[in-house]
Protein chains: 2
Amino acid sequence: MLSEKGYAVTQWVYEPELLEVLQRGRCNTWYLPGQELDARLRFTGDIAEAVREMQVVLWVAPVKVFRPLFARGIAHARPETIHVSAAKGIENETLKTVSQIARENREAETFCVLSGPSFAREVIRKMPTAVVIASQDDRAAAVVQNVMACPFFRTYTSRDVIGVELGGALKNVMAIAAGIIEGLGYGVNTRAALITRGLAEIIRLGTALGADPLTFSGLSGIGDLVLTCTSEQSRNYSVGLELARGRSLSEIMNTMKMVAEGVYTVRSARALSLQQRIEMPIVGAIHAVLFEGKAPLAALQDLMIRDLKQEAPGA
Amino acid sequence: MLSEKGYAVTQWVYEPELLEVLQRGRCNTWYLPGQELDARLRFTGDIAEAVREMQVVLWVAPVKVFRPLFARGIAHARPETIHVSAAKGIENETLKTVSQIARENREAETFCVLSGPSFAREVIRKMPTAVVIASQDDRAAAVVQNVMACPFFRTYTSRDVIGVELGGALKNVMAIAAGIIEGLGYGVNTRAALITRGLAEIIRLGTALGADPLTFSGLSGIGDLVLTCTSEQSRNYSVGLELARGRSLSEIMNTMKMVAEGVYTVRSARALSLQQRIEMPIVGAIHAVLFEGKAPLAALQDLMIRDLKQEAPGA
């Protein structure tokens, strides 16, 4: 998309085999089969080449490899380069988000996060899409907003970096739950209840961690949550679906080509909920299904028969 | 459901033909075909019989007939009867919600509204469902919460009556837009963006009218919005789908057996947005498509190329 807008874009590719495929055929047959990429787009296996001289660098690695990758990359970047992350998760060891990891480097004060409902395979087909770009630095966010906007890709800015990140990360946990509900044969009432009560948990934790609760009503919150919980295109949703069909987590993970971030995020979310003493029954249920051997159906039923409550904001 | 819980339930039926069907076969072949109703459920065509001596009366009429129907019914009710509305709309002539109409009667101080993602055909199949019951009167809300709760039907209470009502009403307008998006062949990114930016409009108007913005993150807000915008079971969604396929509104309305409230609500929403000077571009677009002859595709494209903005809460 950016290449078609006329920017000089270089894509760093981790897998040498995929790099060869891309350089030969200008089509990402692994992850976006059938889509021809812009002829001006360049590919490299050398991270220094991908970062050096760039005005904007977009980081799209899984969270568990972000820390070492960013350290390698930023060493080659200019000080004025704006770094943007599209990763969605929370580091298991430190319980930090990607912007918090990045800002351990003094060079990353203008760090931006990009989030929102945006399956790549629809963006490449020019389906109307809207995302949010959050930064503590208004100027950096505005640069990225204008660089990325086009008639089918609408960009909003935000200052609530942690809120935007937590929405994007935690929604993957709820997507596993949505997949379980589908796999158990439940209907759309149940799915809508899960999305809403999942959002309530996200708001509770997010607010405790300093986010603006209304950020979760935005594109990176409810927007991405709805997308991920209502589409089989989501990897996390697929994990839940397969769990409900009786497959084990290790079996499922072994057959997936891409990372289902939610499986890692649920550990961090569980740890944060205990640390912050925030009630997160759905996160607890998914943790129990993934790592404590609880049956999906029993987990769902236990959620339904809890004490009756007020639907207070964040209650 | 309530009859199965052991309550003595009498259902008032408007259409004499349907009343006969129900009394003969204990199955609502018009609206819930294939589902046997509880043997203890009684049916009547006499509103006095349905209301008299009841502890709780649940009103489920379309908004445009609620005012005269409620006036007829409440004349037969005991003063301590709790009235609950499941209607979702805004009266065109007065721009009032159902609770505002009801509370013109002094007897209706304990009036409750029931809302949330709850397609009847899933509730009758005992699919896990969660709803919210809002009232200015905590005791009334708690009574209804406990009367209606069962292991597959989870009830939350709220004090934000207007917020709960506006979420339920305005989501029908967004459902028409979601149907249009599907009918135009767009993807789930677009749908998620519509839901999120639609929610932002609902929050803006709702807050201006006195609602708590966080209510719209709840079951009657985002919960019902997601349900209605992601399922062809929704009548309003179907209206949008047919519009995008080129059928006229009058053609569509003539072939529908049930009322698509969103078609009426969009007029009230448009009037309220002008009266309150609240920017509601999606409501304006749907109004233009329904009543000003604008083409659905042009309406969508115009929404995408507006000025770039901040994603501020309610902005």
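**View 1. A salt bridge between A:Glu91 and A:Arg67 in the predicted model.** In this predicted model, A:Glu91 and A:Arg67 form a salt bridge whose closest N and O atoms are 2.8 Å apart. A:Arg67 belongs to helix 3 (residues 63-74) of chain A, while A:Glu91 sits in the loop between strand 4 (82-85) and helix 4 (98-102) of that chain, so the pair ties together parts that are 24 residues apart in sequence. Over all chains, the structure holds 32 salt bridges.

**View 2. The interface of chain B and chain A.** Let us turn to where the two chains meet. The contact draws 58 residues from chain A and 59 residues from chain B. Together the chains bury about 4900 Å², and 62% of that area is on carbon and sulfur atoms. Three residues, B:Arg154, B:Asn189 and B:Glu311, supply 16% of what chain B buries against chain A, which is more than any other three residues. How many salt bridges does the rule find across the interface of chain B and chain A? The number is 0, whereas 25 residue pairs are in polar contact between the two chains, both residues being at pLDDT 80 or more.

**View 3. The side of chain B that touches chain A.** Several elements of chain B each supply at least two residues here, including helix 5 (120-123), helix 6 (138-148), helix 14 (296-304) and strand 7 (153-158). Which helix of chain B gives the most to this side? It is helix 8, with 11 residues. Sorted by class, the side of chain B that touches chain A has 31 nonpolar, 18 polar and 10 charged residues.

**View 4. A sheet with strands from both chains, ending in strand 8 of chain B.** This open sheet has 6 strands in the order 3(A)-4(A)-5(A)-6(A)-7(A)-8(B), and the pairing is mixed. Strand 3 (56-59) of chain A and strand 8 of chain B stand at the edges with a single partner strand each, so one side of each is left without a neighbour in the sheet. Where the chains join, strand 7 (residues 153-158) of chain A and strand 8 of chain B run parallel, linked by 2 bridges. In strand 8 of chain B, A:Tyr156 has B:Lys309 as its bridge partner, and A:Thr157 has B:Gln310. Helix 9 (residues 219-229) of chain A lies across strand 5 (112-115), strand 6 (129-135) and strand 7 of chain A, at about 145° to strand 6.

Key. Residues are numbered from 1 along each chain as its sequence is written. Chains are lettered from A and ligands numbered from 1 in the order in which they are written. This is a predicted model: local features need pLDDT of at least 70, side-chain atom pairs count only at pLDDT 80 or more; totals for chains, interfaces and linings use all residues. Side-chain values use heavy atoms; hydrogens and water are left out. Contact means heavy atoms within 4.5 Å. Buried area is the accessible area (1.4 Å probe) that two parts lose on being put together, summed over both. A salt bridge is a side-chain nitrogen of Lys or Arg within 4 Å of a carboxyl oxygen of Asp or Glu. A polar contact is a pair of N or O atoms within 3.5 Å; within protein, one must be able to donate a hydrogen and the other to accept it, and residues adjacent in sequence count only if both atoms are side-chain atoms. Helices (H or I, at least four residues) and strands (E, at least two) are DSSP runs, numbered from the N terminus. Ala, Val, Leu, Ile, Met, Phe, Trp, Tyr, Cys and Pro count as nonpolar, Asp, Glu, Lys and Arg as charged, and the others, Gly among them, as polar. Two strands pair if DSSP finds at least two bridges between them. Axes are lines fitted to C-alpha atoms, for helices over the stretch in contact, and angles run from 0 to 180 degrees between N-to-C directions.
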